[in-house]
Amino acid sequence: KATVSVLYCFSSPTTTMPSAPVPERQRKAAAASAKADGANAKALAEKREALCNKRREYMRRAVKYAKQYRAEKNALKSLRQTAAKEGNFMCEAESKIAFVIRIRGINDVAPKPRKILQLLRLRQIHTGVFVKLNKAVINMLRRVEPFIAWGYPSVSTVRTLVYKRGYMNIKGNRIPITENEVVQEALESKTKGAVICAEDVVNQLVSAGDHFSTVSHTLWPFKLSAPNGGLKYKNAHFVEGGDVGNRESLINGFVAQMA
């Protein structure tokens, strides 16, 4: 007879080895990492909230200034219409500010005009600055009139210069105004929070505000291009068909050619 052999396999019961305890140093490192992650998440959330609040404040100020400019424009238009209806002429208020552009170089400049140009921060050709008009400044402009073209800029011209050609002087560095945080870093502490965005800069320059001097001196002199089509005649006054001197409101078109 054939025999069948059967093999019986007996397995020993499985035994689990006790896990090694976590080293104290590793446990403390994990706890510190978790705590730091929580703190970083909280700080990031606070930073985002502060940024949102800043942007809301920027927008609120921009809307307020837009309403102010619109109201002033409508009031001026109403006064003109009233004067025309009565057959009179309206004498508008004189401008408080001027934009000054240097259009001649350094050749044949007498010592006194040279010093005045340095005081006005017009050291290079085709640079421009904003000045607040008073008796002393007007006398200085008259002394250097053969070297400059100046006039009374509009709100749109000021905004174009600030947004397109605006640079801030931050610790001696020429920093472009690419975002409102640049303006805030440069002017918030100097103006006690009155100027924190680009629209604040435009408003101070347009209205000759309380912080006009601080804002205008923190702005780097505007470096403009040569005007499209060139200049007509730099040795004659604007009223004589030349380029130098006061252009009044026609400075806006001249700046548009150079901006």
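By class, how many nonpolar, polar and charged residues does the lining of the second largest pocket have?

A: The lining of the second largest pocket has eight nonpolar, four polar and two charged residues; here Ala, Val, Leu, Ile, Met, Phe, Trp, Tyr, Cys and Pro count as nonpolar, Asp, Glu, Lys and Arg as charged, and the others, Gly among them, as polar. The model is predicted, with local features needing pLDDT of at least 70 and side-chain atom pairs pLDDT 80 or more, while totals for chains, interfaces and linings use all residues. Residues are numbered from 1 along each chain as its sequence is written, and side-chain values use heavy atoms, without hydrogens or water.

A pocket is an open set of points on a 1 Å grid over the protein atoms alone, where a 1.4 Å probe fits and protein lies on both sides within 12 Å along at least five of seven lines; a lining residue has an atom within 4 Å of a point. Two or more lining residues come from each of β2 (127-132), α3 (135-143) and α7 (212-218), helices (H or I, at least four residues) and strands (E, at least two) being DSSP runs numbered from the N terminus.

β1 (97-102) and β2 pair in the antiparallel sense over five bridges, where pairing requires at least two DSSP bridges. β1 is also joined to β3 (residues 148-151), again antiparallel, by four bridges, and Val-100 has Trp-150 of β3 as its bridge partner. Six of the six residues of β1 are buried, that is, under 20% relative accessible area with a 1.4 Å probe and protein chains only; exposed means over 50%, and partly exposed lies in between. Both faces of β1 are covered: Ile-97, Phe-99 and Ile-101 are buried on one side, and Ala-98, Val-100 and Arg-102 on the other.

The loop that connects β1 with α2 (111-119) contains Asp-108. This residue has a positive phi of about 55° although it is not a glycine, and Asp-108 is exposed, with a relative accessible area of 76%. Lys-192, in the loop between α5 (180-187) and α6 (198-207), likewise has a positive phi, of about 60°, without being a glycine. Its relative accessible area is 81%, so Lys-192 is exposed.

The largest pocket holds about 1100 Å³ of space. Its lining counts 25 residues, with Glu-72, Leu-76, Glu-92, Val-155 and Val-206 nearest the centre. At least two lining residues each are supplied by α1 (24-85), α4 (155-165) and α6, and the largest share, nine residues, comes from α1. By class, the lining of the largest pocket has twelve nonpolar, six polar and seven charged residues.

Finally, the whole structure has zero disulfides, a disulfide being a pair of cysteine sulfur atoms within 2.5 Å. The sulfur of Cys-52 is 16 Å from the closest cysteine sulfur, in Cys-197, which is too far for a bond. Cys-52 is partly exposed, with a relative accessible area of 37%, while Cys-91 is exposed, at 75%.

How values were computed: Grid points are joined across faces, edges and corners, and a volume is the space filled by probe spheres set on the points.
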